[in-house]
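Me: I would like to learn how to read a protein model. Please take it one feature at a time.

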Amino acid sequence: MLTKRLASFFSGGGPDFSELRENECGVGKYSIGYKLPGSAINLNRRKEQFLSCVNLQSDLFNSYLQEDSNRQCVRVGFEWWAYRGAFFQGYFGLLGKLSMYIDVNRTNFESQVEQDNLQSLADYLKKDYWDYYEGDKGVNWESRQEFKDDIFTNGDTPSQYLVKLPDEYRVERINEIDWLTYSLVGEGTTGSHASYYWGYPISQNYYITVGFRARPELGEKSIRLERMLTDAKKIMSMVELRKE
C-alpha cells in the first residue's frame with residue numbers, strides 16, 4: 001500500500017478511469033471503437049477532430065492526410081492527459097504528459113503489407129524505421145554528423161540525441177484481436193520520452209496504429225514512464241477492432 005502511495009505521489013494524477021467517453025470510427029471494412037478516460041487537458045494545442053469514418057480511396061484519404069515522422073496518416077482520434085503532483089514537483093507540479101493517437105497509416109509506395117498478417121507489418125516497420133532513422137541522411141545519421149567533431153564527446157553522439165528503434169515486436173491479444181506491439185524512445189524530438197504502439201494491417205496499403213507518447217518531466221522519470229505505460233495499456237484494453 002505504501003509503495004502504491006509513493007508511486008502515485010511521484011507520478012501524479014493522470015487519466016480518470018471513472019469517467020469514460022466512447023467513440024467509434026469506420027475504416028474501410030473495419031471499425032475501431034475505443035473509450036477515453038476523463039481529466040483530459042488543454043495544452044494550448046489544437047485538438048484533432050474525431051472522425052466517424054475514413055474512406056480508403058486515395059483522393060478522399062488524401063483530403064485528411066498528415067505527416068507524422070515516418071508516417072503518412074489520417075488521425076481519427078486524439079487525446080492527452082497531464083500528471084500533476086505537488087506544486088514543487090517537476091514544472092510547477094507538471095510531472096508528465098500522456099498523448100493518445102489513433103491513426104490510419106498508408107504504406108509507402110514501394111512496400112506493402114498483407115491484410116491481417118502481423119508478421120508482414122513487422123517486416124514493413126523494421127525496414128521503414130531503419131530507412132527513416134538509420135539510413136543515408138536519416139534522423140540518427142544527421143545527429144551523428146553533428147557530433148562527429150565534438151571535442152567534448154570525443155565524436156560520440158549522446159544517447160538522448162538518438163531515436164532508439166524497437167528492441168522487439170510482440171503480439172498481444174486484446175478483445176479477440178492480435179495486435180503487433182512495439183515501442184520507440186525519443187521519437188519526434190530528442191529526449192527520454194517514449195512512444196508505445198499497437199498496430200494492425202487492414203489491407204495491402206493501410207494499417208492502423210493506436211499510439212501513446214509518454215513524456216516525463218524532470219525527476220523520477222522511470223517511475224513516471226512506468227505509470228504512463230500502465231495507463232496506456234489500460235486504455236488500450238478498451239479498444240475493439242472489428243471487421244464488418
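This is a predicted model: local features need pLDDT of at least 70, side-chain atom pairs count only at pLDDT 80 or more; totals for chains, interfaces and linings use all residues.

Me: How much of the chain is buried?
Reply: Buried means under 20% relative accessible area, exposed over 50%, and partly exposed in between, with a 1.4 Å probe and protein chains only. Of the 244 residues in the protein chain, 46% are buried. Strand 2 (residues 30-38) is mostly covered, with eight of its nine residues buried.

Me: How do I read strand pairing?
Reply: Strands of a sheet pair through backbone hydrogen bonds, either parallel or antiparallel. Here two strands pair if DSSP finds at least two bridges between them. Strand 2 pairs in the antiparallel sense with strand 1 (residues 16-27) over nine bridges, and Glu-22 stands opposite Lys-35 in strand 2. The hairpin of strand 1 and strand 2 has two residues between the strands, and Gly-28 there takes a positive phi near 60 degrees. Strand 2 also pairs in the antiparallel sense with strand 11 (residues 240-243), over four bridges; Tyr-30 has Lys-243 as its bridge partner in strand 11.

Me: What is the order of the strands in the open sheet of seven?
Reply: The order is 4-5-6-10-9-8-7, with antiparallel pairing. Strand 4 (66-68) and strand 7 (170-174) are the edge strands, each pairing on one side only. Within this sheet, strand 5 (residues 71-84) runs antiparallel to strand 6 (residues 94-106), joined by 12 bridges. Arg-84 has Leu-94 as its bridge partner in strand 6.

Me: How do I read the packing of two helices, such as helix 3 and helix 4?
Reply: Axes are lines fitted to C-alpha atoms, for helices over the stretch in contact, and angles run from 0 to 180 degrees between N-to-C directions. Angles under 35 degrees count as roughly parallel, over 145 as roughly antiparallel, 65 to 115 as roughly perpendicular and the rest as oblique. The axes of helix 3 (residues 118-134) and helix 4 (residues 139-147) come within 4 Å and cross at roughly 25 degrees, which makes helix 3 roughly parallel to helix 4. Contact means heavy atoms within 4.5 Å. Tyr-132, Tyr-133 and Glu-134 of helix 3 make the contact with Val-139, Asn-140, Trp-141 and Arg-144 of helix 4.

Me: Which residues of helix 4 are buried?
Reply: They are Asn-140, Ser-143 and Phe-147. Seen down the axis of helix 4, these fall within an arc of 60 degrees (taken from the directions from the helix axis to the C-beta atoms), so they line one face of the helix. Helix 3 is included in what covers the buried residues of helix 4.

Me: Is Arg-71 buried or exposed?
Reply: Arg-71 counts as buried because its relative accessibility is 2%. This residue is found in strand 5. Leaving aside neighbours within four places in sequence, Arg-71 has contacts that include Asp-103, Tyr-197 and Arg-213.

Technical notes:
Residues are numbered from 1 along each chain as its sequence is written. Side-chain values use heavy atoms; hydrogens and water are left out.
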